[in-house]
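Okay, thanks for making time, everyone. Let me put the structure up and walk you through a few spots.

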Amino acid sequence: MRTLQDLGDVEGKRVLVRVDFNVPLDHGTVTDDTRIRAALPTIEELLGRGASLVLVSHLGRPKDREPEFSMRPVADRLSELIEAKVTLAPGVVGEEVQALAENLASGEVLMLENVRYEPGETRNDPELADALALLADVYVNDAFGAAHRAHASTEGVAHRITNHAAGLLLEREVTTLSKLLDEPERPLVTVLGGAKVSDKLAVIERFLEIADKILIGGAMCFPFLAAHGHTVGSSLCVDEDIELAKRLLEPGEEHRASLELPSDLLLADRFAADARTQALDGVDVPDGWMGVDIGPRTAAAYAVEIAGAGTVFWNGPMGAFEIEPFAAGTRAIADAIADAPGTTVVGGGDSAAAMKSFGLGDRVTHLSTGGGAALELIEGLPLPGVEALA
């Protein structure tokens, strides 16, 4: 993977930078600029080296060209964070956009409209990739969160602009996660939560081979508990996941890690903030109740494992943390990871959102910006946006 150091002199050149500015908006205002700030080191380095920049990103999942998915609020926020003029293009490609790009002076920034306004983006359409390539002399991909997609702006254009490289964020993401897999400080403790075993089957299999302990929480624990013969009540648990859990629990010659399950739970009679709840000193969920969080004894035991780890990787909440009565387990794990003395990596998605919502995002070694991309890298799958930068 080529890096910014491999680009050579970019003074006076136009650089097309694929960024991940897929940020949350509320009535046209950016409510969380974490992803914008994550790209600033790359943007500022290229501007400091005398380049002009053409930024391209997706935002949401527009079906056509709905104005609520315009990059305007993102461009406005970026202009507040950097000392450079940021102009929003009227589209993604075309003659008018081409003219704006060609007239950029060194140190100026042009932000293209939402690249998913173009239907060819997700199809990796060659014509769209060709049109994007006409906008710049150099291509930099700094959008790790989209690197697992072979889209026109992440993969296709990289084959058309031969002077290409990974941005600082993408480089750091790949380097950190690769080190986690290849040479972690041990013990390597993995904390996995979320909804379904099938969603993270390959990730669990990989960590069974390379981790020392896997701590399971979230709704994903119930298929494992059911596989051990426990009752799960109305908890989220499907037969397919129970069969997968049974398979994962079987001893394997390649298995290095032990797999730990909750020993107590928080129950609710329904999935709502005003639900009746009760603590369960055990894991056999009675009929009419559902597990919505790990219990305090489990949280304390997991915290001990985290504190003794050389490396911690976390992906997936321990419960429905977005509902305050069900957030204690996830909060306890977040606190433990923030206090851990070892290397701590949070694998994007809901886990990263939890760390930020608890005000702990700056207390981990690495907070990934790409949930899906991080998991696919861990699974050993190729990331098209990375491989195109060879």
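So, which residues touch the most other members of the largest nonpolar core? They're L112, F144 and F207, in a core of 73 residues. Helix 7, residues 201-210, gives the most to this core, with six residues. And keep in mind as we go that this is a predicted model.

Take L112. Beyond its neighbours within four places in sequence, L112 is in contact with a whole list of residues, including L16, V54, M71, L88, V97 and L135. There's also a second, separate core of 33 residues, and A39, I43, L46 and V74 are among its members.

Next up, D142, in the loop between strand 7 and helix 5. This one is buried but has no salt bridge: the nearest side chain of opposite charge is R172, and that's 7.2 Å away. What the D142 side chain does reach is the backbone nitrogen of L170, at 3.0 Å. Leaving out close sequence neighbours, within four places, D142 also has contacts with V17, R18, A39 and T42, among others.

Last topic, the aromatics. The structure has three aromatic pairs. F271 and F326 make a tilted one, 6.2 Å between centres with 40 degrees between the planes. F271 sits in the loop between strands 12 and 13, F326 in the loop between strand 15 and helix 11, so the pair ties together parts 55 residues apart in sequence. F326 counts as buried because its relative accessibility is 0%.

Then F321 and F358: their planes are at 70 degrees, so that pair is edge-to-face, with ring centres 6.4 Å apart. They're 37 residues apart, with F358 in the loop between helix 12 and strand 17, and both are buried.

Conventions
Residues are numbered from 1 along each chain as its sequence is written. This is a predicted model: local features need pLDDT of at least 70, side-chain atom pairs count only at pLDDT 80 or more; totals for chains, interfaces and linings use all residues. Side-chain values use heavy atoms; hydrogens and water are left out. A nonpolar core is a set of buried Ala, Val, Leu, Ile, Met, Phe, Trp, Tyr and Cys residues joined through side-chain atoms within 4.5 Å. Buried means under 20% relative accessible area, exposed over 50%, partly exposed in between (1.4 Å probe, protein chains only). Helices (H or I, at least four residues) and strands (E, at least two) are DSSP runs, numbered from the N terminus. Contact means heavy atoms within 4.5 Å. Lys and Arg count as positive and Asp and Glu as negative; His and the chain ends are not counted. A salt bridge is a side-chain nitrogen of Lys or Arg within 4 Å of a carboxyl oxygen of Asp or Glu. A polar contact is a pair of N or O atoms within 3.5 Å; within protein, one must be able to donate a hydrogen and the other to accept it, and residues adjacent in sequence count only if both atoms are side-chain atoms. Rings of Phe, Tyr and Trp (its six-membered ring) pair if their centres lie within 6.5 Å; planes under 30 degrees apart count as stacked, over 60 as edge-to-face and the rest as tilted.
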